[in-house]
Amino acid sequence: MVTQSEFISSIPYFTGLGEPGLGSIRRHVYEKRAGRGELLLTEGDMADALYFVVQGVVKAFKTSADGREQILRIIRPGESFNDVPVLNGGVSLVSAAAMGPVVLYAIKKSDLEKVMREHTQIAFNIINVLSQRVVELISLVEDLSFRHVTGRVAKMLLDYAGDKTGDRPRLTQQEMAAMIGTAREMVGRSLKSLEGDGAIRMERSRIIITNQKALRQTAGVV
């Protein structure tokens with residue numbers, strides 16, 4: 001089992017820090033646990049802490065005025081959330097909820113600012129983390145703007161098949177719809193279409209990729 005020290009040293013925020021820096025982080029980090037469906041952040045609340053997923057998976061999402069949900073990120077172990085509002089002193093831009101039992105580490109905004117002043121490497125690490133986040137958001141916009149629904153479903157299935165973290169939530173069709181910006185019924189039709197094309201096979205609640213080449217063609221992925 002990974003120790004707290006090993007886990008913290010593996011977080012992109014804190015790579016390249018020596019023991020003095022990691023020791024400072026450990027003194028300020030505290031643990032939080034939550035069960036499936038538990039709300040961890042609410043959009044519009046003041047952001048007072050940065051969170052890192054240790055175990056489990058968290059979804060970051062926006063909710064429309066009519067109650068529709070758009071999942072912006074699936075956050076896995078080693079990844080952070082609530083970054084931007086903590087760094088700019090604003091309110092939480094999204095809501096976040098546990099997709100199963102989760103363990104989180106958190107560091108308060110004031111403590112993060114203190115260790116950033118003491119260890120400038122963290123500032124460079126933050127630039128890299130946020131740059132990657134921008135790339136992910138551009139990819140999401142591209143998917144929503146230029147791929148048809150079946151293509152979005154195919155790409156999501158490929159992304160999940162290529163995820164080797166071991167912390168992949170079993171998504172419902174409603175959650176899949178919220179990830180790709182469509183209705184649950186459209187996801188169901190897309191899955192049936194992909195199955196008809198021989199790209200996947202449906203077995204109860206499981207989706208098995210049977211022809212990755214065909215799935216990649218539908219997704220428009222080279």
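Guide: Let's start where the charged end of Arg76 sits over the ring of Tyr160, 5.4 Å from its centre. A charge is said to sit over a ring if NZ of Lys or CZ of Arg is within 6 Å of the ring centre and within 35 degrees of the ring normal. This is a predicted model, where local features need pLDDT of at least 70 and side-chain atom pairs count only at pLDDT 80 or more, while totals for chains, interfaces and linings use all residues. Residues are numbered from 1 along each chain as its sequence is written, and side-chain values use heavy atoms, leaving out hydrogens and water.

Lys59 also lies over a ring face, that of Phe61, at 5.3 Å from the ring centre. Lys59 has a bridge partner too, Ala97 in S7. Strand S4 (residues 58-63) and strand S7 (residues 95-98) pair in the antiparallel sense over four bridges. Strands here are DSSP E runs of at least two residues, helices are H or I runs of at least four, and both are numbered from the N terminus; two strands pair if DSSP finds at least two bridges between them. Together with two further strands they form an open antiparallel sheet in the order S2-S7-S4-S5. Strand S2 (39-41) and strand S5 (69-75) are at the edges with a single partner strand each, so one side of each has no neighbour in the sheet.

Now for rings that meet rings. A pair of aromatic rings is described by the distance of the centres and the angle of the planes. Rings of Phe, Tyr and Trp (its six-membered ring) pair if their centres lie within 6.5 Å; planes under 30 degrees apart count as stacked, over 60 as edge-to-face and the rest as tilted. The count here comes to five aromatic pairs. One of them joins Phe7 and Tyr105 edge-to-face, 5.6 Å centre to centre and with 80° between the planes. This pair links distant parts of the chain, with Phe7 in helix H1 (residues 4-10) and Tyr105 in strand S8 (residues 102-108), 98 residues apart. Are these two residues buried or exposed? Phe7 is buried, and Tyr105 is buried as well; buried means under 20% relative accessible area, exposed over 50%, and partly exposed in between, with a 1.4 Å probe and protein chains only. To finish, look for Tyr13, Phe14 and Phe52, which form one aromatic cluster.
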